[in-house]
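Please look over the sequence and the model, then read the notes by topic.

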Amino acid sequence: MPVSKDQARDIAKEFLEASHELGTYRFTNWAKLTPTQRRQIEDAEWDLLNYSGSFVTTAVGIALADMDNDLKNISQFSSRAKKAVGTIKTVKGVINIATALVVLGGAIVSQNPSTILSAAGDVLEAVQEATKKG
């Protein structure tokens, strides 16, 4: 079944907000981050921002048969990742979540259901790992 307009917008919103959360994290922790870490986080911000824009314009046409529950999970995982970025304390955790979200965005754009499900699981795993460590 194709992704609905509302689902595409919701996913786009989650990626946009995750991008903003990464930006907030980067600027709040600027002095603690190395230039390489700042760049990694900024690159992930831009990737998520670009994916968000892409979802708004193209995700409506993605056909993912029988994936309604999976799409809800993806939105929930993205939301959990966004919230985790604001609460975890380790730079590595933030970068791992950012990387997992970027991979998820690429999977969604690829329109490959198995890749999307795998990437969504990786987002959840990154969030759980990062929040375990604080």
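R80 is a residue of helix α3 in what is a predicted model. Its relative accessibility is 41%, and because a residue must fall under 20% to be buried and go over 50% to be exposed, R80 counts as partly exposed. The points below begin with the contacts of R80 and then turn to other parts of the chain.

**R80 and its contacts**
- Leaving aside residues up to four places away in sequence, R80 touches L124, V127 and Q128.

**The chain as a whole**
- The chain has five helices and zero strands.
- Read from the N terminus on, its elements follow the order α-α-α-α-α.
- The chain contains 134 residues, and buried residues make up 43% of them.
- Among contacts in the chain with a separation of 6 or more, 77% join residues 24 or more positions apart.

**S19 in helix α1**
- S19 has its place in helix α1.
- The relative accessibility of S19 is 4%, and because the limit for a buried residue is under 20%, S19 counts as buried.
- Not counting residues up to four places away in sequence, S19 touches E45, L48 and L49.

**The aromatic pair and the charges over its rings**
- How many aromatic pairs does a search of the whole structure find? The search finds one.
- The pair is formed by F27 and W30, with 5.7 Å from centre to centre.
- The planes of F27 and W30 are 5° apart, and because planes under 30 degrees apart count as stacked, this pair is stacked.
- F27 has a relative accessibility of 55%, and because the limit for exposed is over 50%, F27 counts as exposed.
- W30, at 37% relative accessibility, counts as partly exposed.
- R26 lies over the face of F27, and its distance from the ring centre is 4.5 Å.
- R38 lies over the face of W30, at 4.3 Å from the ring centre.

**The largest pocket**
- The largest pocket holds about 180 Å³ of space.
- It is lined by 13 residues, of which Y25, N29, V85, G86 and I88 are the closest to its centre.
- Sorted by class, the lining of the largest pocket has five nonpolar residues, five polar residues and three charged residues.

**G86, one of the residues closest to the pocket centre**
- G86 is placed in the loop between α3 (68–85) and α4 (91–110).
- Is G86 buried, exposed or partly exposed? With a relative accessible area of 49%, G86 is partly exposed, because exposed residues have over 50%.
- G86 and T24 are 62 residues apart in sequence, while their C-alpha atoms are 8.4 Å apart in space.

Definitions and conventions:
Residues numbered from 1 in each chain as written. Predicted model: local features only at pLDDT ≥ 70, side-chain atom pairs only at ≥ 80, totals over all residues. Heavy atoms only, no water. 1 Å grid on protein atoms, 1.4 Å probe; cavity = no way out; pocket = protein on both sides within 12 Å on 5 of 7 lines; lining within 4 Å. Points joined across faces, edges and corners; volume = space filled by probe spheres on them. Nonpolar A, V, L, I, M, F, W, Y, C, P; charged D, E, K, R; others polar. Phe/Tyr/Trp six-rings, centres within 6.5 Å; stacked < 30°, edge-to-face > 60°. Buried < 20%, exposed > 50% of the residue type's maximum accessible area, 1.4 Å probe, protein only. Lys NZ or Arg CZ within 6 Å of the ring centre and 35° of its normal. Helix = DSSP H or I, 4+ residues; strand = E, 2+ residues; numbered from the N terminus. Contact = heavy atoms within 4.5 Å.
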